[in-house]
Amino acid sequence: MRKKLLIPLNGNDVAPRFDLATEVLIASVDEETGLVEDKTIVLPHASPEDLCHLILTERADVVICGGVEEEYYQYLRWKKVEVIDSVIGSHRLVLKRFMEKELRPGDILREGIGGGRE
């Protein structure tokens, strides 16, 4: 099954705050083949409302983010978007952990042996 993910970015890492992200990674992943495609979009300004609109427009199934206000978390959940929040780490490690079905809210992923958890 293919899923579309959206990850707010700060450089190569998951943005620490959903509402301050000005760049996002959109990735399509397949359970059997892994990463199918990805693209990075630079936003004109930081806006949680615009980011929610982009998430819905892109038809993202999953949002992986750092801190997110309850209002936006609940809105996305209401729109049937899975939200994996409070994640810290590089988007590469986060994608890898997601594809392994091991990513959980609150995960802190660091570069190193296996990109292990703290």
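In which loop is Ser 86 found? Ser 86 is found in the loop between β6 and α3, where helices (H or I, at least four residues) and strands (E, at least two) are DSSP runs numbered from the N terminus. The model is predicted, and local features need pLDDT of at least 70, side-chain atom pairs count only at pLDDT 80 or more, and totals for chains, interfaces and linings use all residues. Residues are numbered from 1 along each chain as its sequence is written, and side-chain values use heavy atoms, with hydrogens and water left out.

The protein chain contains three helices and six strands. Along the sequence these elements follow the pattern β-β-β-β-α-β-α-β-α. The radius of gyration, taken over C-alpha atoms, is 13 Å for the protein chain, close to the 13 Å that the globule rule gives for 118 residues, so the chain is as compact as a globular protein of that length. The globule rule is 2.2 Å times the number of residues to the power 0.38. The C-alpha trace spans about 35 × 30 × 25 Å along its principal axes. Of the 118 residues, 44% count as buried; buried means under 20% relative accessible area, exposed over 50%, and partly exposed in between, with a 1.4 Å probe and protein chains only. Among contacts in the protein chain with a separation of 6 or more, 41% are accounted for by residues 24 or more positions apart, a contact being heavy atoms within 4.5 Å.

Helix α1 (residues 48–57) and helix α2 (residues 70–78) have axes that come within 11 Å and cross at roughly 15°. That crossing makes α1 roughly parallel to α2. Axes are lines fitted to C-alpha atoms, for helices over the stretch in contact, and angles run from 0 to 180 degrees between N-to-C directions. Angles under 35 degrees count as roughly parallel, over 145 as roughly antiparallel, 65 to 115 as roughly perpendicular and the rest as oblique. The crossing of α1 and α2 is right-handed, that is, the near helix is turned clockwise from the far one by less than a right angle. Pro 48, Glu 49, Cys 52, Ile 55 and Leu 56 of α1 make the contact with Tyr 72, Tyr 75 and Leu 76 of α2. By class, this contact has seven nonpolar, no polar and one charged residues. Ala, Val, Leu, Ile, Met, Phe, Trp, Tyr, Cys and Pro count as nonpolar, Asp, Glu, Lys and Arg as charged, and the others, Gly among them, as polar.

Within helix α1, Leu 56 is partly exposed, with a relative accessible area of 29%. Leu 56 touches Tyr 75, Lys 79 and Val 81, not counting residues up to four places away in sequence.

In helix α3 (residues 91–99), the buried residues are His 91, Leu 93, Val 94, Leu 95, Arg 97 and Phe 98. These buried residues pack against β1 (2–10), β2 (13–14), β3 (23–30), β5 (62–64) and β6 (82–84). One of these strands, β3, holds Glu 23, which is partly exposed at 25% relative accessibility. Leaving aside neighbours within four places in sequence, Glu 23 is in contact with Ile 7, Pro 8, Leu 9, Gly 11, Thr 40, Ile 41, Val 42 and Leu 43. Glu 23 and Ile 64 are 41 residues apart in sequence and 13 Å apart in space, C-alpha to C-alpha.

Ser 90 lies in the loop between β6 and α3 and is buried, with a relative accessible area of 10%. Beyond neighbours within four places in sequence, Ser 90 is in contact with Asn 12, Asp 13 and Glu 111. Ser 90 and Asn 12 are 78 residues apart in sequence, and their C-alpha atoms are 5.6 Å apart.

Most residues other than glycine have a negative phi. Ser 86, a residue other than glycine, has a positive phi near 60° and is partly exposed, with a relative accessible area of 38%. Lys 80 is not a glycine either, and has a positive phi of about 70°. Lys 80 is found in the loop between α2 and β6 and counts as exposed, at 72% relative accessibility. Lys 101, which follows α3, has a positive phi near 60°.
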